[in-house]
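Please look over the sequence and the model, then read the points below.

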Amino acid sequence: MTTATATPSALRGAVESPWVGFVLRRLRRLLVSLWVLVTAAFFMIHLIPGDPVRASLGATAPQELVEARREALGLNDPLWQQYTDYLRNLLTGDWGSSMTTDVAVSQIIADRLPATVEIAAYAFVVIMLVALPVGVLMAALTRGGRGRRTELAFTSSSVVVAAIPDFLLAVGLVYTFGVSLGWVPVAGKSTVESYILPVLALALGPMAVLARIVRVEMLTVLDADYIRTARAKRLPARWIYLRHALPNAITTTLTVGGLLLGGLVAGTVLVENVLAWPGLGSTIVSSILSKDYPVVQGIVLVYGVGVLVINLVVDVALALLDPRSAIRES
Amino acid sequence: MQVFTGVERPESLSRWRSGVRGRRWAAGLGRWGQALRSPLGLVAATLLGLVLLLAIVGPILWGERADAIDTNALSQGSSSEHWLGTDSLGRDIFYRVLVATRLSVALALLATAIGVAAGVLLGAAPWLLGRRAGRFAVATINVAVAFPALLLVLFFAVIFGVGIRGAVLAVGLGMAPYYARVTSTLVAGVSGRDFVAAARTVGLGRTRILLRHILPNIGEPLIVNATLGAGGALLAFAGLSFLGLGVQAPSYDWGLLLNEGLNGIYVSPAGALAPGVTIVLAGLAFNLTGEVVAKKVGLRTANVRTAYSPVPPATGDEAPAAGRPDPSPVLEVEDLHVTVTGPAGPVTPVRGVSFAIGRGEAVGLVGESGSGKSLTALAVAQLIEAPGRVDARRLEFQGTDLVHTRGRAKGIGRLLGTSLGVVFQDPTTSLNPTMRIGRQLGEVVRRHLGKGWGEARARAVDRLRAARVPAPERRAHQYPHEFSGGMRQRAMIAMAMMGDPALIVADEPTTALDVTVQRQVLRLLQEIRAENHVAVLLISHDITVVGQVCDRVLVMYAGRVVEDLPSSELRTAARHPYTRALLAAVPGMKADRDRPLTIIPGRPVDPAHFPPGCAFADRCPLADDHCRAVDPALTDDGSGRRVACWHAGEPLPVVTEEDSVGVGEAS
Ligand code: SF4
């Protein structure tokens, strides 16, 4: 840590900078997680009791076909060789191909991933755009025991919304806006309106959770000494809220936001299935049902990498926003 | 998801230490019972009871009706015969939802049990396996926890195959990393305690200690977490079944019913909505119960603030600071009251304070903690926030009335922002950790003088230099955590000088610093005052500090000024017994430094219970009945010196070197 007697040399400063250590640590963690993920995906097939190929092709498939498939998939090679082949193929972009349609897994993913990323990203944006202002506003309105009724209404409604899992929200939304009101299409991806339901279904729950957290965090931060300092400078309330309080409340908000974003990835699986959204989620489920293991393997990897990347981005964002967090970690 | 670790409450663990296990569980159950008696707890318990009851009796009572096929009523909407309509085979949805309770709940509980068992094994591994293997286990947990549970569930669902058995294992193992994390946190919390250490010195094996001493102590938080988790498992299972990966027809649970219902949502919305609602309610039953109990057992204490009800300010009957010759004081305060919310309702810790500060004058405000000195300073600086309240007959800064405008007008914000600087006690917490120093300083210029950031920054660097911060250019670029404590306080002082201050209010500016730095900061304050002709209001509990830095000393006790005198006369002419006690408590020139520091006997008065007479009477060696009955007013002797005491200046009863003046030794 640099103190009052910081080294004048810029070079030494760079080497001693907590950032280098932070980035290295973070990279190492990412690599370890990646390795665990890939290894788990590899062993997934081998952990399936019995012959996965037989299971996939069905009991009636002729033995020769099963044997040929096993050979093609390399399942007859020694395990370590399969493992190294798997790693090499992954790196060269050969993710195998579907056992039912023979389409390359990488192609399937390329087709399906964008639809999933879209709704997850929009949902995240909506969550942030709503939860941050609402949380800050609620903190302002209910500060110091004011607005007890507002507080009660806010807390209880957010608790209820947060308690409903996203796929049930999706069902409720389908019923309300699709069936009863007929405002939006209830399934599939077509027009701009078709995005409304999946994005809302994904966003509502996390929105409620995050708004509550933002409010509580803001209330804590607003009691901090440095807020009193800001008030001593007679800055306008909005300035104090946005420039002094919010950046300090954002650490926890982002940490939770990152978790929520990871959760969004999982949420897309169910929501896509409710709304027949043509993304990875509906694909992985149909692949599990049809025992199309290479596709499942590939999609599990994509989800896993997605979560890891999100975690990394959140960590870096946190470190950038809050200069202490990178150092605190060491 | 909320993690409940009972570790934060050591007493809840240690309290059980000596208890017999049975009694321990009885105590635990008692607390659960207590928790569930609150209104919310009652709702949760009722809901949970209902769900469990349905799970038991549902299939027995309605099993046949739920399976009865009515070919005359296929896929119908709600009717008098079929409350919630029928499915595609003409089976009654209402009964099917009721009957499905058993399978849904049972599978969720089973999965939770598997998850907890696997989690405890994994989580206790670091404890059982020793350092290296333990670290590996922890790393595995950390990696696994990073992935959303649903992904793990899908992963395991692939391995164990589609169907009930696979889904139960998948949901259970998918939750295991979470319980492993909880367990290892709990074990780490408990294993450091002395009863575990004792067991180890006796030579018990690690497994024995785990089973006999650690697990019983983390049992309760684990169960609370499992209750919360059961709700999650229920939802996860419903999700799996909904996807077609869980329960398979002809068996059915809520998830599968939802799946079937969704297809017919246009014909019979109830078919999809009914199972959906029951899933939410059942999940809520577990979650609420878990949360209510978690709260009771002591995870999160509700952050309830006491409501504020304003009280009319007590009328002070104090003489105004008369005889002050200064024609235009910087600050004039008359009959200041500050009301804040105490633990038992509003209290008024500052009750009728009057004083004035001349241009360039340094005035010290001394008193013990709780005397109201800091609140007085905050009130003067207009920093008391609602529900706190400031009342005064007069509160004028630079001739501008503050009390009746309360900073609402923009002009006042600007006046205070530029002419009144404030330095707080703890520079570590008083600077915004997420903002560069230069920016924090520059804000004042930017906001109140309408300058750009460039000019604001230049001014900040200049002021840092004035506050003797070395390399101010570079420093302005840094964050507070890159400053040492003394440097931070210098930055605070620089901040107070950003405008063109006529008064700097410094609230215990050196208390949080170490001794050598204290002296430097005080010297800086003195220099700045001399250079810029700034008035200073210095708040301190240390009468010697105030005596050294200030021209005049105001001594506060129990929310009032009890003495006001030039600091040059402190040692010779202090008349109030309290002032004299404060002085005696300081090891003076003549006092033997080896003697333990003397303190003033007795305790400061509680602001909620001010006595009718002199507030100092209980601790005063001169107190008599008159003192206790009638409060002495602060009176001016005509020369500007003020004192509030019936026996001001009278000799104190015991005056020997050994006993010090009316002051007992620290015990
Ligand atoms: S009024 Fe009486 S009790 Fe109060 S300080 Fe003076 S002598 Fe002591």
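**An exposed leucine and other local features**

A:L320 counts as exposed because its relative accessibility is 60%, over the cut-off of 50%. The model is a predicted one.

**Surface patch on chain A**
- A:L320 belongs to helix α13 of chain A, which covers residues 293-321.
- Together with A:W19 and A:V316, A:L320 makes a nonpolar surface patch of about 280 Å².

**Annotated regions of chain B**
- An unreviewed UniProt entry lists residues 40-62, 105-129, 136-162, 222-245 and 265-286 of chain B under "transmembrane region".
- In the model, residues 40-62 of chain B are 100% helix and 0% strand, with the end C-alpha atoms 31 Å apart.
- Residues 222-245 of chain B are 92% helix and 0% strand, and their end C-alpha atoms are 29 Å apart.

**Aromatic pairs and cluster**
- Over all chains, the structure holds 13 aromatic pairs.
- In the pair of B:Y578 and B:F616, the ring centres are 5.1 Å apart and the planes stand at 65°, so the pair is edge-to-face.
- B:Y578 lies in helix α22 (residues 577-585) of chain B and B:F616 in the loop between α22 and α23 (625-629), so the pair ties together parts that are 38 residues apart in sequence.
- B:Y578 and B:F616 are both buried.
- One aromatic cluster is formed by A:F42, A:F43, A:Y83 and A:Y86.

**Arginines over rings**
- B:R439 has its charged end over the ring of B:W453, 4.1 Å from the ring's centre.
- B:R475 lies over the face of B:F483, and the distance to the ring centre is 4.5 Å.

**Positive phi angles in chain B**
- Most residues other than glycine have a negative phi.
- B:Q382, which is not a glycine, has a positive phi near 60°.
- B:Q382 is placed in the loop between α12 (373-380) and β4 (389-391) of chain B.
- The relative accessible area of B:Q382 is 13%, so B:Q382 is buried.
- B:H533 is likewise not a glycine and has a positive phi of about 55°.
- The loop between α19 (515-532) and β9 (535-540) of chain B holds B:H533.
- B:H533 counts as exposed because its relative accessibility is 54%.

Key:
Residues numbered from 1 in each chain as written. Chains lettered and ligands numbered in written order. Predicted model: local features only at pLDDT ≥ 70, side-chain atom pairs only at ≥ 80, totals over all residues. Heavy atoms only, no water. UniProt positions renumbered as here; feature names shortened; annotations may be inferred. Helix = DSSP H or I, 4+ residues; strand = E, 2+ residues; numbered from the N terminus. Patch = residues over 30% accessible without salt bridge, like charges linked within 9 Å, V, L, I, M, F, W, Y side chains within 5 Å. Areas by Shrake-Rupley, 256 points an atom, 1.4 Å probe, with all protein chains shown as cover. Salt bridge = Lys/Arg side-chain N within 4 Å of Asp/Glu carboxyl O. Buried < 20%, exposed > 50% of the residue type's maximum accessible area, 1.4 Å probe, protein only. Phe/Tyr/Trp six-rings, centres within 6.5 Å; stacked < 30°, edge-to-face > 60°. Lys NZ or Arg CZ within 6 Å of the ring centre and 35° of its normal.
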